[in-house]
Amino acid sequence: MSISDVINGKRTWWIELGHVLEVLAKIPDKSIQTVITSPPYFNLRVYGTHPQVWGGDKNCEHDWIPYIKPGNTWGTPNKNVPGLIHKNVETNTSFVPDQEQAVCSKCGAWLGELGNEPIHDCVGWATGNRCGQCFICHLTEIFMEVWRVLRDDGTLWINIGDSYSQSGGSGSGEYQKRHKQFGKVINSGTAQQPRTAPPGLKPKDLCGIPWRLAFSLQAEGWYLRSDIIWYKNSLPTSAKDRCSDTHEYIFMFTKKQNYYFDQEAIREPYNPVSIKRKKYPTSKLGGEPGQDKVKGGKGSLGGGVNTVIKNKLSGANKKTIWRITNEPTNWDYCSNCKSIFIGADRKRVKRQKFVDEHGDERTIRKCPVCGETDAWVGHYASFPTELPSTCIKAGASEKACEICGSPWKRIVEPSKEYAKYLGKGFHDHSHDKTQGMRQEKTMARVLADYRTVGWEPTCKCDNKGLGSSIILDPFSGSGRSGLAALRLGRRYIGIELNPNYVDISKKLIEEDMPLLNIYMQGS
Ligand SMILES: C[S@@+](CC[C@H](N)C(=O)[O-])C[C@H]1O[C@@H](n2cnc3c(N)ncnc32)[C@H](O)[C@@H]1O
Ligand SMILES: [Zn+2]
Ligand SMILES: [Zn+2]
Ligand SMILES: [Zn+2]
Ligand SMILES: [Zn+2]
């Protein structure tokens with residue numbers, strides 16, 4: 001079983017264990033329709049993965065020495081770039097080398113975990129002088145490999161949150177509290193040293209990681225098409241001198257100006273207030289504004305809000321704020337015997353309270369299979385399935401060419417009522433470009449409404465549209481992108497470096513299979 005089985009259509013999904021850069025190399029050029037992923041966050045937690053080798057010479061027999069900040073390559077403010085002249089910043093010259101990091105004395109390769117780089121951003125995307133060793137350079141290197149495997153009409157969706165520099169941020173009591181349910185936080189008894197603020201940032205500074213990544217990818221040729229705010233339920237924070245964080249970003253990138261995007265698949269319900277406010281029907285639809293809608297004549301929408309709901313309006317264009325609440329983790333995993341306890345089965349994991357040597361009350365969980373109490377795998381910040389689901393619906397068609405994988409495009413027409421209002425033939429699709437504007441204008445009188453009337457191929461192959469799109473998540477974690485993809489009848493390739501997480505996500509997907517079969521039959 002391997003990635004190529006998914007590419008060749010012999011299997012619908014596969015999750016490969018390994019370092020993202022090494023596994024991506026096994027994926028053929030332009031074979032993926034949609035990439036949705038959430039990379040490790042900067043300076044937030046350790047993922048329990050083996051340190052990885054970054055940069056340097058692939059053929060070098062590395063000689064690892066403690067990591068030392070190289071001379072002038074980074075950290076020194078670049079006076080030639082406006083906005084990068086730092087005032088009142090104590091330039092950090094005393095980095096504490098991290099014990100989990102090393103550098104090769106021969107080729108300069110860096111050994112460490114992604115997200116734990118001492119430098120967040122060398123701003124090489126602005127200066128043209130990339131260090132190749134900061135967090136942003138590493139992510140950029142990965143997403144350029146993603147560029148290679150992504151189809152030219154594909155989309156890349158990156159979910160990324162921000163971090164605070166040093167105090168009040170990673171490793172502080174506040175972060176530990178906020179992230180205690182998501183596995184090990186940096187500095188919580190790991191080999192990590194207390195952190196100093198990276199050069200260019202002051203303690204307590206918000207790092208601005210999402211936008212730095214966005215600018216860096218733009219500089220390499222990606223089109224940044226959307227900055228979506230994922231508005232999530234907030235966790236209580238102890239921050240007294242700022243607002244609490246309730247959002248993360250989802251950036252949508254493309255390789256070309258034109259690409260596949262299915263607006264219809266992700267329409268959202270009209271705001272009921274706006275439905276009420278719009279007078280249905282309008283004078284143009286045969287009634288008078290404000291007249292009793294129930295009496296609306298033939299050919300009108302008649303009946304006000306109830307009719308609108310009955311008529312099942314296709315909905316408004318998806319907005320850039322997505323309110324999605326976190327999905328609670330529904331599993332426990334024992335890494336000793338590799339057992340997973342999902343849903344109701346979790347009751348088998350007995351919890352016992354005891355008082356530890358400091359007099360604090362604690363709870364231990366005992367594995368019902370092997371009896372181990374200390375082999376439970378921590379939970380990372382998984383995104384809720386609805387998040388990848390939305391990206392997949394928009395980015396990867398439900399129909400694809402069985403020969404070349406090209407997506408099939410929806411053919412949409414305004415509903416009868418809406419077409420009547422617009423008063424034109426809409427088979428020429430010339431309105432498509434101005435659809436947004438037109439809708440704005442017409443919203444004053446009638447809500448835009450479209451119907452799918454068919455599908456058409458976007459390639460010239462003699463095909464029936466019986467293929468399926470492939471979704472990739474290069475930081476697969478617990479595999480929520482996989483669940484979303486498979487539930488929607490797409491194929492899935494995941495990449496994950498932590499073997500426990502590979503096992504967990506495979507089991508979670510297999511567990512979901514009976515459900516998946518229902519989904520497949522149902523569609
Ligand atoms: C933010 S989590 C992703 C969570 C995922 N979206 C979910 O819903 O569960 C990032 C994941 O990247 C993995 N990871 C970290 N470094 C990696 C690397 N170099 N190669 C592959 N995976 C890596 C971590 O083990 C972690 O599971
Ligand atoms: Zn080396
Ligand atoms: Zn860099
Ligand atoms: Zn066990
Ligand atoms: Zn084709």
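By class, which residues make up the shell around ligand 1? Hold that thought, everyone. What we have here is a predicted model, where local features need pLDDT of at least 70, side-chain atom pairs count only at pLDDT 80 or more, and totals for chains, interfaces and linings use all residues. Residues are numbered from 1 along each chain as its sequence is written, while chains are lettered from A and ligands numbered from 1 in the order in which they are written.

Okay, the ligand. It has 21 residues around it, and the closest are Val-20, Ser-382, Phe-475, Gly-477 and Ser-478; a residue gets in if its C-beta atom, placed from the backbone, lies within 6 Å. And the shell? Eleven nonpolar, eight polar and two charged residues. Here Ala, Val, Leu, Ile, Met, Phe, Trp, Tyr, Cys and Pro count as nonpolar, Asp, Glu, Lys and Arg as charged, and the others, Gly among them, as polar.

Now the whole chain. You'll find 13 helices and 18 strands, taken as DSSP runs: H or I with at least four residues for helices, E with at least two for strands, numbered from the N terminus. Of the 523 residues, 37% are buried, meaning 20 or more other C-beta atoms, placed from the backbone, lie within 10 Å of the residue's own.

Ile-136, Leu-139, Thr-140 and Phe-143 from α4 meet Arg-212, Leu-213, Ser-216 and Leu-217 from α6, with contact called when C-beta atoms, placed from the backbone, lie within 7 Å. That contact has five nonpolar, two polar and one charged residues.

Methods
Two residues are in contact if their C-beta atoms, placed from the backbone, lie within 7 Å. A residue is buried if 20 or more other C-beta atoms lie within 10 Å of its own, exposed if 12 or fewer, and partly exposed in between; C-beta atoms are placed from the backbone.
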